[in-house]
Amino acid sequence: MNIIEPYYITESKRICKVAGMDPNEVSRPKTFLSDREFEQKRKSYCEILSVVSFFSNKLLDSLKGTPILVVVSDAAGYLLEIEGDETIKSTIEQFGIMPGSLFIQEETGTNVISLTLQQRHPISLIGDQHYHTFLHEIACYGTTFHYTDDNNLLGSVCIMMPIQFQNELFLTMLTQAVDSIERELLLRKQNRKLNIMNQIMLSRTRNGIVITDEKGITTEFNNFAQKISSNSRESVVGRNILESHLTGTYFKEVIEHERIFKNEEIKFKDEAGNLIVCLFDAQPIYEDDKMIGAFGQFRDISDRYTLEEQYNYLAFHDDLTNLPNRRYINKEIESIIKEIKSGKHRTLALLFIDLDRFKIINDNFSHSYGDKLLIEVSNRLSGCLGKKDILARMGGDEFIFLLQDFADVDYVTRKAKEILQLLLQPFLVNGKELHTTASVGVAIYPDYPITTEQLLVYADNAMYQAKSQGKNRYVVHTSELLDTMLDDYMLEIDLRRALEQNEFVLHYQPQINNATGKLIGFEALIRWQHPKLGQIPPGKFIKLAEENGLITQIGEWVIDEACTQNKKWQDAGMTPVKMSVNLSTQQFLTRNLVTYMEDVIERTAINPAYVVVEITEYMAMEYDYSIHVLEQLKALGIGISIDDFGTGYSSLNYLKNFPIDYIKIDKSFVGEMMNNEKDAVIIKAIISLAHNLHKEVIAEGVETKEQLEFLKKHQCDISQGYYFSRPLPADEIEKIYIEQH
């Protein structure tokens, strides 16, 4: 579903475009306050900033662990304060975004500060709603704050964060914080208008007022103070305030050392047992520079405190399952490890649980089914919690058990087995039986000190090992497993350098027309020529590339190299043939795939009729997106092939509607078709189905003459495999298909 962009954002971006702003250039603020002007501005905003800072820090504390930045501006758009994540702060400073800079649309384009000040209501500005592309990875929320008695605009408070952390709840939290700021500012403004004698007389104020003489004897105790404390004026006036268990220590410091206290949080229970939370201020009272007493006031923030507690709950709990979340479990682990390092005897273990095949359920039954399944899983897992165990949801389909203070290690492995057994029974969701298992990684805190992050990594690595061993099992982290993971880690580091060092090469496997025996194409297959380890097959490094996000860059290199090589061969006199390249899932889902293919075709000058992209059935499951992209590729003249057909989640609907040219039978069927009648039947059915839909069929993994004859007999169009040739480097292809002819 497309979300309609608010009109004011659309209008702002239009104005930026008309003004000639380049969205791809960093637009920096051009106007800055001088040091003197900035200090004067901050001085004039001193009290306002102190109030904003207090509540913004409360907001930051409630979201501790989330990389956010709180930015405060004045009514004109000058930035007065930037607090929060240091990494984000240092990043935006590179763009000239710093205290003292002016943030207006005319200079910095569509931005949350300008829009907030213009609209004067809470707004969100997320991703490509920004005009400039360098801000597309940022989510921003903002609102203005005023003196509410005269609606005088004072400035804005905005928060920003990496786009992956966006959550509309942040705008609600910010609005609540600003509401508290405005109430506090109004109170302070009102208090400034009153002198000490007026404050004594304010029996109707919403603040509890306490006045003492220079010895601490209470002389005034107003109505609201009576209401808050449940103490009558008569029982307090005349008594020494220093005897109070709530405020005595504060007044002692005020009277004896002339200290000033602001916004001290005091908690106590009223007669009914309700929690009362107040902000308490105290200061000396002077007459002709002589201290004549002390003044104290209470502001009841019980409702706000309760709301903040609710926000804190949300910050530390998963909103779907109500289980503790990643932030909560990290805090608990850190606390236990701290006690262990201090010498206290504690035992600690983690069970990292990842549901197997959860994405298949999500994709086939919709996300609502997936969410309900996660709730059912969390309920079932909660049922096997020990007295001291904690279950948390880490995100997605990942859960974690924190086991603590167990007597022996057998408890940990028994718990892992219990979890696996629990998940064997089907789940009933909306009347449908859903089945899922789990891969469990076990990490036990060792005899030597490690960090929370290391323990989580150990559990995570063990979980991935369990998944790679076939799923529905648990693996305990060991030093040997760590060595294996470290080897993969070092290989990943080398992989990041491989593109820069031109260590990748392509090998090309011929594709032969079964009817004529002639070469009709090649499949481009990547190899990694490691400088120390020699040639590494794709099965060893493709998964790493997918996990670290390099797969799209590598895939783009393959497309560019294959098209360039094919054009080079054509120019050298080889009969033009098709070149097939495999697309990874991440590459296929990249929004600029079609644009990139257009660029490669133009740059290499290859006829797109000689380019074929191979996708898997799994990619095609994203139906609406897939058909749109494939139709665009087809419009360029590029061929489309479905790879590994029969091993995924085939749908006759996409075979019928997608602009597919080739169906590629997976080699697992070809390898068994001479020995297994069922595989033979499947191959014949695929060929018949494809031909009836006017698609050509390619069989891969052909290794024997008998296999080829079977395929010919049943009218398979094209074959490739070791029977004809292994994948060959470019120079060997040239010797066979150019030099010999």
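Modeller: The model is predicted, with local features needing pLDDT of at least 70 and side-chain atom pairs counting only at pLDDT 80 or more, whereas totals for chains, interfaces and linings use all residues. Residues are numbered from 1 along each chain as its sequence is written, and side-chain values use heavy atoms, with hydrogens and water left out.

Biologist: Which residue of E13 is the bridge partner of Ile-390?

Modeller: Strand E13 covers residues 398-404 and pairs with E12 in the antiparallel sense over five bridges. Within E13, the partner of Ile-390 is Leu-402.

Biologist: Is Phe-165 buried, exposed or partly exposed?

Modeller: Phe-165 is located in the loop between strand E5 (152-162) and helix H7 (169-192). It touches Thr-66, Pro-67 and Phe-170, leaving aside residues up to four places away in sequence. Buried means under 20% relative accessible area and exposed over 50%, with partly exposed in between (1.4 Å probe, protein chains only). At a relative accessible area of 33%, Phe-165 is partly exposed.

Biologist: How far apart in space are Phe-165 and Ile-68, C-alpha to C-alpha?

Modeller: In sequence the two residues are 97 residues apart. In space, their C-alpha atoms are separated by 8.8 Å.

Biologist: Why is the pair of Tyr-141 and Phe-170 edge-to-face?

Modeller: Rings of Phe, Tyr and Trp (its six-membered ring) pair if their centres lie within 6.5 Å; planes under 30 degrees apart count as stacked, over 60 as edge-to-face and the rest as tilted. The pair links distant parts of the chain, with Tyr-141 in strand E4 (residues 138-147) and Phe-170 in helix H7. Tyr-141 is buried at 0% relative accessibility, and Phe-170 is buried at 8%. The ring centres are 6.3 Å apart, and the pair is edge-to-face because the planes stand at 75°.

Biologist: What is the angle between the ring planes of Phe-406 and Tyr-411?

Modeller: Phe-406 is buried, at 10% relative accessibility. Its ring and that of Tyr-411 form a stacked pair, 6.3 Å centre to centre, with a plane angle of 20°.

Biologist: Over the ring of which residue does the charged end of Arg-380 sit?

Modeller: A charge sits over a ring if NZ of Lys or CZ of Arg is within 6 Å of the ring centre and within 35 degrees of the ring normal. For Arg-380, the charged end is 3.7 Å from the centre of the ring of Phe-427.

Biologist: With the side chain of which residue does the side chain of Thr-110 make a polar contact?

Modeller: Thr-110 lies in the loop between helices H5 (105-108) and H6 (112-119) and is buried, with a relative accessible area of 1%. A polar contact is a pair of N or O atoms within 3.5 Å; within protein, one must be able to donate a hydrogen and the other to accept it, and residues adjacent in sequence count only if both atoms are side-chain atoms. The side chain of Thr-110 reaches the backbone nitrogen of Lys-13 at 3.5 Å. The side-chain partner, at 2.8 Å, is Ser-12.

Biologist: How many residues of strand E18 are buried?

Modeller: Strand E18 (residues 504-513) is joined by nine bridges to strand E19 (residues 519-530), and the two run antiparallel. Antiparallel pairing over two bridges also connects E18 to strand E27 (residues 728-729). E18 is largely enclosed by the rest of the structure, because the buried residues number eight of the 10.

Biologist: Which residue in the turn of the E18 and E19 hairpin has a positive phi?

Modeller: The hairpin has five residues between its strands. The positive phi, about 75°, belongs to Gly-517.

Key
Two strands pair if DSSP finds at least two bridges between them. Helices (H or I, at least four residues) and strands (E, at least two) are DSSP runs, numbered from the N terminus. Contact means heavy atoms within 4.5 Å.
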